[in-house]
Amino acid sequence: MDRIKKDFSTLTLVMIPVAIAINIAVGQSIYTLKIPLYLDSIGTVLVGVLAGPWAGAVTGLLTNLFWGLSGLNVQSAPFATVAAVIGALAGLFSDAGWLRAWWKVILAGLITGLVAAALSAPISAYVYGGVTGAGTDVGVAIFRGMGLNVLPASFAQGVSSDPLDKATTFLIVWLIVQALPLRFVMRFPRANNVKAA
Amino acid sequence: MSEALSIYVARESWVHRLYPLTKLTLAGFMLMGGLALPGPWALYIFWALVTLPLAFLGHILNRLVLATLRVAFPFALSVFLIQGFLWPGGTPLFAVGPLSLKQEGLAFAIASTGRILMVVSSFLWFSLTTRPDHLMGTLSQRGFPTGLSYMIVATLQIAPRFQARASAILDAQRSRGLETEGSLRRRLKALLPLVVPLVLSSLIDVEERALAIETRGFNRPGEKTSLIAIPEAPWEPAARIGILICAVLVVGLGLWLG
């Protein structure tokens, strides 16, 4: 309990809205580049890495609820729990010291992507009939055409895009943490996870 | 408060005057109905009997239906094409070239579309009729942690500004010759010059904000006074319990039908 209180320092509380805004702004501007990535969890992963799994989970949860309630991206709201798990995993990997070497960063991103795909598939299959309503549905169509059921086809689509997306996200977060001034990073509750003391 | 991140529509209606917590309970009831009822038609009946009348009472029927359809349409289209035609096995209804529309796939697509309609419209109904600051005021009065309230209100104010900053960075980099169109490799190369400046510039003022709210007594223990008074009719607490009972009944009905 004490640990959680320490994680939610004033700096973390101020950081979380900024991180949510980063998620939304980057997520929307990536759209103009038409890259097959979402990159809508950079802020979530950043908070998870710097302020621990609980703060990361709150950031992810709030991002999707906001996106949903603001009417900008209503369809993302049911995936709020998945976003929370992504933030929590970022915190756990950072606790385990995986954010110190670039190849471990990529590995952590790939694993997070697999977990995210496994968690979103049932939600997508149940709420949205297994489709995403976007360009990635070509993937769903291919897997359905191969004779997969609704849930496996949705999972297969997730596996083909989420790990790459999350690995890129983790790598970008790692680059950002490297670029931030040490004085700033050290003010965060879990700064020692990312910088050698 | 910036309105860009909210789709709230100011109207003089019975629904708008409801206490935000009561509206939240109603939206939760609709969401439960949307998730628990089985397909294919029960969802549409629920939508027509509960969601549409509630939207009508809030004078937002047009807005709600339009916004819901705009979100639901791409999903509905995909689900009909993919699940309707690519359903493995199943009873064919009619054939288009090598593909045929399957009865099971069609039933699944109708049910999914109904579920999307319900989920999307329950969120939209709530945000169209509730002012975000009223919701936050209510939640903090009910003992919701101030830290969480701060995060939500701050996001509402920051996010629209960030979107503006993101497009400013996009324009600035383009004017320096950054190519944001062309081959996939070229577009991928444009990724870092767009993302990194946005994130770094936004992190710079985080520390200043933290100091600013600390010096204004943010961490001070004890009760805080709210500037906005949110009225609640005396019958509303009882109504909320009634709605919750209805929600349980709908989930029960869904399990029994399914």
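Biologist: At what angle do helix 2 of chain A and helix 9 of chain B cross?
Modeller: Their axes cross at roughly 160 degrees and come within 9 Å. Axes here are lines fitted to C-alpha atoms, for helices over the stretch in contact, and angles run from 0 to 180 degrees between N-to-C directions. That makes helix 2 of chain A roughly antiparallel to helix 9 of chain B, a label used for angles over 145 degrees.

Biologist: Before we go on, what am I looking at?
Modeller: This is a predicted model, where local features need pLDDT of at least 70, side-chain atom pairs count only at pLDDT 80 or more, and totals for chains, interfaces and linings use all residues. Residues are numbered from 1 along each chain as its sequence is written, while chains are lettered from A and ligands numbered from 1 in the order in which they are written.

Biologist: And what counts as a helix?
Modeller: Helices are DSSP runs (H or I, at least four residues), numbered from the N terminus.

Biologist: Which residues are buried in helix 9 of chain B?
Modeller: B:Leu194, B:Val195, B:Leu198, B:Val199, B:Ser202 and B:Leu203 are buried there. Buried means that 20 or more other C-beta atoms, placed from the backbone, lie within 10 Å of the residue's own.

Biologist: What covers them?
Modeller: The cover includes helix 2, helix 3 (42-69) and helix 7 (150-179) of chain A, along with helix 7 of chain B.

Biologist: How many residues does each chain put into the contact between them?
Modeller: Chain B gives 57 residues and chain A gives 53. Two residues are in contact if their C-beta atoms, placed from the backbone, lie within 7 Å. On the chain B side, helix 9 has the largest share, with 15 residues. That side divides into 40 nonpolar, 12 polar and 5 charged residues. Ala, Val, Leu, Ile, Met, Phe, Trp, Tyr, Cys and Pro count as nonpolar, Asp, Glu, Lys and Arg as charged, and the others, Gly among them, as polar.

Biologist: New topic: how far apart are the axes of helix 6 and helix 7 of chain B?
Modeller: They are 10 Å apart, and the two helices pack at an angle of about 175 degrees. Helix 6 and helix 7 of chain B are therefore roughly antiparallel too.

Biologist: Which residues of helix 6 of chain B make that contact?
Modeller: B:Pro132, B:Asp133, B:Met136, B:Leu139 and B:Ser140. By class, the contact between helix 6 and helix 7 of chain B has 6 nonpolar, 3 polar and 1 charged residues.

Technical notes:
Parallel < 35°, antiparallel > 145°, perpendicular 65-115°, else oblique. Buried ≥ 20, exposed ≤ 12 C-beta atoms within 10 Å, placed from the backbone.
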